[in-house]
Each structure stands twice: as C-alpha cells, then as structure tokens.
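Please look through the structure below with this briefing beside it. The notes are grouped by topic for a first reading.

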Amino acid sequence: MAQTYYITTPIYYVNDKPHIGHAYTTLACDVLARFKRLDGFDVTFLTGTDEHGQKVEKAASDKGVSPQSFTDEVSQNFRDLTAQMNFSNDDFIRTTEQRHKLACQEIWQRLEERGHIRLGNYAGWYSVRDEAFFTETEVVDGKAPTGAPVEWVEEPSYFFNLSEWQQPLFDHYEANPDFVGPESRFNEVKSFVKGGLRDLSVSRASFKWGIPVPGDMDHVMYVWLDALTNYITASGWPTDSELGDPAKYAKLWPADLHMVGKDILRFHAVYWPAFLMAADLPLPKRVYAHGWWTNEGQKISKSLGNVIDPNALTAQYGLDQTRYFLMRDVPFGNDGDFSAAAMTRRMNGDLANDLGNLCQRVLSMIFKNCDARMPAVPAQPNDMDQALLAAADDLLDQVRELLDRQAFNEALSVIWQVVAEANRYVDAAAPWALNKTDPVRMAEVLAVLAETIRQIAILTQPVMPHSASLILDQLGVDNAERDFRFISGKRRLASGHQIDKPSPVFPRYLDEAHADG
Ligand code: ME8
C-alpha cells in the first residue's frame with residue numbers, strides 16, 4: 001500500500017481578500033503535494049478558511065452584512081484562488097461547516113472531561129487583528145508586539161491549563177528534533193516555552209460569532225482553539241460522529257506537515273500540541289514556519305495600499321513564472337522581497353534563456369535534422385554523455401532530500417545546475433556542426449540532451465505543472481510515464497516517435513524598465 005502524506009496550509013481569515021502571502025503558503029504545500037504524488041505517496045492536501053471570531057464579525061458588520069453571508073462570499077474568493085493558482089488541494093475546509101463544529105465540541109469535551117478546562121475571569125489585553133491575548137508587559141504604547149492595537153477585556157472565560165504542559169512540550173521537542181523547522185525558529189519556540197506558560201483563555205463571552213461551548217451557551221470558543229482543530233476535523237475525526245470517517249482518520253492522522261507563516265508558529269508549535277496532548281490525541285509530525293514577503297522593500301499592508309493581488313501578478317508574468325519565482329528567489333524560511341526587477345530576472349534568465357532556449361534549440365534540431373524523429377540515447381554513451389546523464393539521474397535523490405526539509409529554492413537550484421550543465425554540453429558538443437560531419441553522433445548528442453530535458457521537466461512538474469507538461473508533450477512522453485518511477489536512470493526516453501515542430505514554452509518578459517534580465 002502506498003505511504004500516505006497529509007499536508008495542510010493555515011486556514012485563512014475571511015476578513016479580507018486573498019493576497020500574495022496566502023498564495024505563497026498554499027503554493028509551497030501544493031509543490032510538496034504534487035512532488036509526493038509523483039513520488040508514489042497517497043497524498044491529502046488540505047486548505048480552507050477560518051471564519052469565526054471577532055475580526056471576521058467586525059469585518060461583516062463594517063460591510064453591513066451578516067457574518068454568514070459575508071463569510072460565504074469571502075471564503076469563495078479563497079476557493080477561487082486555488083483554481084487560479086492551479087493548486088491541487090484535495091479538500092477545502094470552512095470552520096462554519098457542521099463537521100468542524102462537531103470536532104470542536106468533541107475536543108472541548110475531551111479537554112473538560114480530563115480536567116484541563118476551568119471557568120474563571122479574564123482581565124487583560126486582546127488584539128482583534130491578531131486574535132490573541134497579551135500580557136501587561138507585552139503591550140507597549142498601547143500596541144501588541146506585532147504592532148496591532150489592543151483593547152482591554154474583562155469577562156468570564158474558560159481557561160485551558162497550558163501552564164501544566166511546559167514539561168511535556170519540552171520532552172516532545174527533545175524527542176522530536178524535526179518537530180519544527182527551520183531550526184532557528186524551533187529555538188525561538190523552545191525559549192518561549194522555557195520562559196514559562198500561562199493558562200490560556202479559550203472562550204469569549206462578549207460576542208456570539210463562534211462555536212458554542214458545550215453546556216454553556218453564554219460562551220463561544222476562542223477562535224484559535226476552533227481554527228487549529230480544522231486539521232483533525234478534515235481527517236475524519238471524531239470517528240464516531242455522524243460525519244466522522246474512521247478509515248480516513250486512520251490514514252491521515254497525525255498530519256505529516258503543517259505549513260505556516262512565522263507569524264503563527266507559536267499557535268501551531270505550542271498551543272496546538274498542548275491541546276492535542278491534553279485531549280490524548282497524537283501530535284502532527286512537523287510544523288514548518290516560512291518567512292514573510294515584503295513588496296519592493298516595504299511591509300505589505302492594506303493601509304500602505306501595496307497588497308499584491310496574486311491574480312494581477314499571474315496575469316502580468318504568467319502563472320508558472322510566478323510559481324517558479326516565489327519558490328526560487330528566496331531561501332524558504334527567510335523573509336523575501338518581491339520586486340519587478342527580480343521577477344523579470346528570473347523569468348528571462350532561468351526560464352526563457354536557460355531552460356526555454358535549451359528545450360527550443362534541442363527540439364528544433366531534432367525536428368529539422370533528425371526528420372522529426374526522436375533519436376535514441378546511445379547504448380554506449382561516451383564520457384561526456386555519461387557525465388550529463390549521471391547528473392540528471394542523480395537529481396531525484398537530491399531534490400527529495402531537499403524538499404523533505406522544505407528547501408524549495410535549493411531544490412530548484414540543483415535542478416538548474418543540470419540545466420546549466422546541459423547548456424555547456426550543447427556548446428561543447430556543437431550538434432549543429434555535426435549535422436554535416438557526423439550525423440550519427442549528432443543524433444546521439446541530441447538524444448542525450450532530450451533525455452536530460454525529460455528528467456528536468458518531470459522534476460519541475462510540481463512547481464510549473466503546465467509548462468512542464470508542455471515540454472513533456474513536445475518530447476512525446478506518454479502521460480502515464482511522467483512520474484518518478486521513470487527517471488533516475490530507471491528508464492530512458494523512448495525513441496523513433498515523430499515529434500511536432502516545437503514552440504517556445506517560456507516567453508521573455510519585455511518591460512522597458514527591467515529589460516536587462
Ligand atoms: O493567521 N508573507 O490567518 P491569516 C508571507 N486564520 N506569508 C504571508 C504573508 C506575507 N506577507 N501574509 C500572510 C491566520 N501570509 C489564521 C490561521 S490556522 C489554524 C489559522 C500567510 O489569514 C502566512 O502563511 O492572517 C500566514 O501565516 C498566513 O498567511 C496568515 O493568514
């Protein structure tokens with residue numbers, strides 16, 4: 001039976017339209033989901049929307065509509081984004097769905113039955129923008145450490161005994177050194193926990209837009225307890241409820257990876273595992289916190305009016321080009337800056353010049369000089385051929401290892417080293433010159449190149465699904481032979497078939513201001 005892989009994005013607040021940051025996180029998950037599918041895994045990829053809480057309630061009332069109709073509308077924008085970005089999610093969860101309400105109430109009951117929840121009073125600061133509580137010492141000049149405004153809240157509240165989970169959390173971190181990535185962020189999590197944990201308010205009594213606390217209609221659950229539970233809801237839990245699915249749960253839980261932005265790591269690496277331990281449920285295997293995008297050096301914010309709309313970006317540069325840029329330009333985990341110049345450089349350099357020209361030159365020569373028939377990879381390749389084929393054959397192991405630690409940009413970088421090697425090989429072997437002097441050798445050279453391009457195209461499918469499939473179509477690779485069982489020297493490109501006249505897959509971006517790429 002295939003190994004399973006369950007990967008999740010954060011569920012996004014529906015207070016606003018999706019922007020590039022949301023698209024980025026989901027894209028990273030999409031690339032991993034596609035990679036794992038090609039690598040033979042049975043993948044479940046979840047995304048969705050976080051629809052309760054004060055922030056969403058306020059956004060709805062500002063628009064003068066009910067929270068339900070507001071969330072219906074904005075959630076649909078996020079669902080549309082998945083299609084627009086060619087995301088391959090298997091499920092899309094909304095926290096207003098019945099399956100999720102049942103899961104939240106079950107988790108609450110388990111926490112309560114085990115004595116981890118008590119009724120008390122909360123008096124302290126709350127930031128609606130962050131949907132988070134802050135202590136007196138954290139609030140400086142009336143602002144949370146995130147810069148968000150805070151308000152003073154005093155109300156009856158249920159508390160989760162987070163303070164008692166410090167040692168169990170620490171033990172878990174010690175026993176699972178890959179629990180959080182990147183390592184620097186894991187260290188921040190550990191020092192936060194080391195600093196001591198305070199019990200956490202897990203209900204609100206001053207508004208209604210949330211999941212009711214079982215047995216106490218005056219309270220709704222704190223939106224983060226509600227939101228985090230989505231990951232286990234979508235796995236078919238609770239298995240004995242009318243909407244549960246025991247087989248699915250057995251297959252999916254615990255999740256393999258929760259991908260998040262660095263802003264919400266604490267919720268995923270501290271609160272969520274504490275809730276799960278307290279509810280006697282298994283913990284996710286890994287949480288990865290990526291960095292933050294800025295726009296031309298500035299923080300992205302609605303008030304600055306510089307929010308990047310993913311649709312505008314893909315309309316301007318192309319979908320696969322945008323996907324490639326986001327995964328390639330910035331070491332995953334670090335913060336990144338979007339700039340038109342960097343985007344144009346990648347598009348014209350890596351894509352149009354390096355990979356695009358390679359494909360176009362090789363396929364055109366096969367079309368013109370080999371009678372449009374795919375030549376055969378030599379049975380006895382010479383040293384030069386062998387070096388290039390070996391470099392291509394080695395890629396899968398390297399890329400797999402890099403993606404298992406979410407090093408997307410390094411994975412693309414090792415693939416592009418082989419693109420560069422193939423370009424050097426073309427120049428050195430000069431097949432255009434061989435056409436007259438040694439057509440047999442010319443055909444061998446072109447076949448070695450076509451085989452290298454085939455492997456590169458198969459490996460870039462997760463990042464650029466459409467463009468990679470165009471290249472594979474042009475090479476005449478059967479649809480059923482595009483997964484990782486067919487690379488790394490296990491198979492070679494078939495020969496003898498007719499190919500069509502190739503057309504360029506990666507256009508250059510012509511922009512006067514940035515045409516130097
Ligand atoms: O926090 N750069 O939802 P949210 C990179 N509902 N990533 C960014 C980004 C940027 N400038 N801006 C946003 C929530 N993101 C909660 C999550 S999960 C149980 C509940 C991405 O709509 C990044 O992944 O505010 C960040 O963590 C997420 O959007 C926050 O989305």
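Around the ligand there are 22 residues, and those that come nearest are I11, T25, D50, D263 and W293, where a residue is near if one of its heavy atoms lies within 4 Å of the molecule. This is a predicted model, in which local features need pLDDT of at least 70 and side-chain atom pairs count only at pLDDT 80 or more, while totals for chains, interfaces and linings use all residues. Residues are numbered from 1 along each chain as its sequence is written, and side-chain values use heavy atoms, with hydrogens and water left out.

**Polar atoms at the ligand**
- A polar side-chain atom of D263 lies 2.8 Å from an oxygen atom of the ligand, and a backbone N or O atom of Y13 lies 2.9 Å from an oxygen atom of the ligand.
- A polar backbone atom of W293 is 2.9 Å from a nitrogen atom of the ligand.

**R482**
- R482 lies in the segment after α19 (465–475), helices being DSSP runs of H or I with at least four residues, numbered from the N terminus.
- R482 counts as buried because its relative accessibility is 7%, buried meaning under 20% relative accessible area with a 1.4 Å probe and protein chains only.
- Leaving aside residues up to four places away in sequence, R482 touches L38, I458, Q461, S469, L472, D473 and V477, with contact meaning heavy atoms within 4.5 Å.
- The side chain of R482 also reaches the backbone oxygen of V477 at 2.8 Å.

Key:
Helix = DSSP H or I, 4+ residues; strand = E, 2+ residues; numbered from the N terminus. Buried < 20%, exposed > 50% of the residue type's maximum accessible area, 1.4 Å probe, protein only. Polar contact = N/O pair within 3.5 Å; in protein donor to acceptor, adjacent residues only side chain to side chain.
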